[in-house]
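Subject: Structure for you, with notes

Hello,

Here is the structure I said I would pass on. My notes follow below it.

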Amino acid sequence: MIRIDGSSGEGGGQILRSSLSLSLATGKAFCIENIRAKRERPGLLRQHLTAVLAASEIGAAEVDGATLGSKTLTFVPGTVRPGKHRFVIGTAGSSTLVFQAILPALMMASGPSHITIEGGTHNQAAPPFDFLEKCFLPVINKLGPKVSVNLARYGFYPAGGGCFTATVEPCDRLSAIELTERGEITRRSVLAVVANLSPTIARREIDTVSHLLNWDRECMQLVETRNSVGPGNVVLIEVGTSTGMTELFCGFGRLGASAESVATEAVKEARAYIASEAAVGEHLADQLLLPFALAGGGVFTASKLNRHARTNMNVVSTFLPVRFETREESGYTKVEVGPAT
């Protein structure tokens, strides 16, 4: 039984989700204490509980402590069961994070899977659906599996109610890859989405991005949708490179934040990536650590390696005999994943 301290490092939900992913993928049981101890509302919230229940269903696991607010959980996995599964969060909790918790096991399973998840699809402090589709999964597919997703309905905070589906074609073995060269920036686009809100908000965001980045307005698009249970807004700045990499930077509309400030948040992240020479951005770097470790190795360059990522390294190393070597170089951080010595 592997023992995990949920208060270590960054002390958030990522420790739990990575533990679930690794437990399913390796067959190793774990017990985690102090779940989300460094959050304002510690313990399992609805989103985290859904991830636990989803992992339990996928892995035929025995679970103790799977209740709202629980700060301790024991998880003993069984055999991974691919196939057709549907999970409903019931709040605006991130459906993409729930999916990422079960994906590693499914992409190495004995057969294909079709997954439906309902909840938040565009949440602050979580990868939005567009990031999953355009940035994360293209890299995952380079490792060997074939994963595709389709957005059925937007889900914004606080109403939630979004939905997306995913198809996972597994592979026998993950391949180690290298993502060290970013190449030239060949594609730029901006998407401002408003759901059940005035399009004026999106126009102001586009004006702000256009002014701050000095990009051609022809690469900017406004989407007005009612395919959402509640109101919501997000601005997405997409950067594509000659090596085939895509990065996405987001600003989420919320009460008390002007359209200009939301757009400026996304621009700030985009500028940091553009100014670096890294192949992947700060958030993608964090999410690649676990699949690269399951592949047994790999290399990538990141614009920044944050505390979230370093905490994730410690969790991964608890389950797998891997090492992470990081080296600061001019304009980026180089991350090498390999067997522990």
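Two strands count as paired here if DSSP finds at least two bridges between them. The model is a predicted one, and the notes below should be read with that in mind.

The sheet

By that criterion, strands β14 (residues 298-302) and β16 (residues 332-339) are paired: 5 bridges link them, in the antiparallel sense. Within this pair, Gly298 sits opposite Val337 of β16. The two strands belong to an open sheet of 4 strands with mixed pairing, ordered β9-β14-β16-β15. The edges are taken by β9 (178-179) and β15 (322-329); each has a single partner strand, so one side of each has no neighbour in the sheet.

Two helices pack on this sheet. Helix α7 (residues 282-294) touches β9, β14, β15 and β16, and its direction makes about 175° with that of β14. Helix α8 (residues 307-319) touches β15 and β16, at about 155° between its direction and that of β15.

The partner of β15 is β16: the two run antiparallel and are joined by 8 bridges. Thr326 faces Val335 of β16 across this pairing. β15 and β16 form a hairpin with 2 residues between the strands, where Gly331 has a positive phi near 90°.

The cores

Which residues touch the most other members of the largest nonpolar core? They are Phe99, Leu179, Val280 and Phe300, in a core of 85 residues. Leaving out residues up to four places away in sequence, Leu179 is in contact with Val139, Lys142, Met245, Ala279, Val280, Leu288, Phe292, Val299, Phe300 and Thr301. Another core lies apart from the largest one; it has 20 residues, including Ile185, Ala192, Val235 and Ala263. As background, nonpolar side chains in soluble globular proteins tend to be buried together.

Helix α6 (residues 259-275) has 17 residues and spans 24 Å from first to last C-alpha, close to the 24 Å expected at 1.5 Å a residue. Its buried residues are Ala259, Val262, Ala263, Ala266, Val267, Ala270 and Tyr273. These cover an arc of only 130° around the axis, and therefore lie on the same side of α6. The buried residues of α6 pack against α5 (199-213), β12 (232-241) and β13 (246-252). On the other side of α6, Lys268 and Ala275 are exposed.

Helix α3 (residues 95-106) has 12 residues and reaches 16 Å between its first and last C-alpha, close to the 16 Å expected at 1.5 Å a residue. It is mostly covered, with 12 of its 12 residues buried. Among them are Phe99, Gln100, Ile102 and Pro104.

Phe87

Thr50 is 37 residues from Phe87 in sequence, yet the C-alpha atoms of the two are 7.3 Å apart. Phe87 touches Thr50, Ala54, Glu57, Ile58, Ile102, Ile115, Thr116, Ile117 and Glu118, again not counting residues up to four places away in sequence. One of these contacts, Ile102, is also among the buried residues of α3.

Regards

Technical notes. Residues numbered from 1 in each chain as written. Predicted model: local features only at pLDDT ≥ 70, side-chain atom pairs only at ≥ 80, totals over all residues. Heavy atoms only, no water. Contact = heavy atoms within 4.5 Å. Axes fitted to C-alpha atoms, helices over the stretch in contact; angles between N-to-C directions. Core = buried A, V, L, I, M, F, W, Y, C linked by side-chain atoms within 4.5 Å. Buried < 20%, exposed > 50% of the residue type's maximum accessible area, 1.4 Å probe, protein only. Expected span 1.5 Å × (residues − 1). Arc of directions from axis to C-beta.
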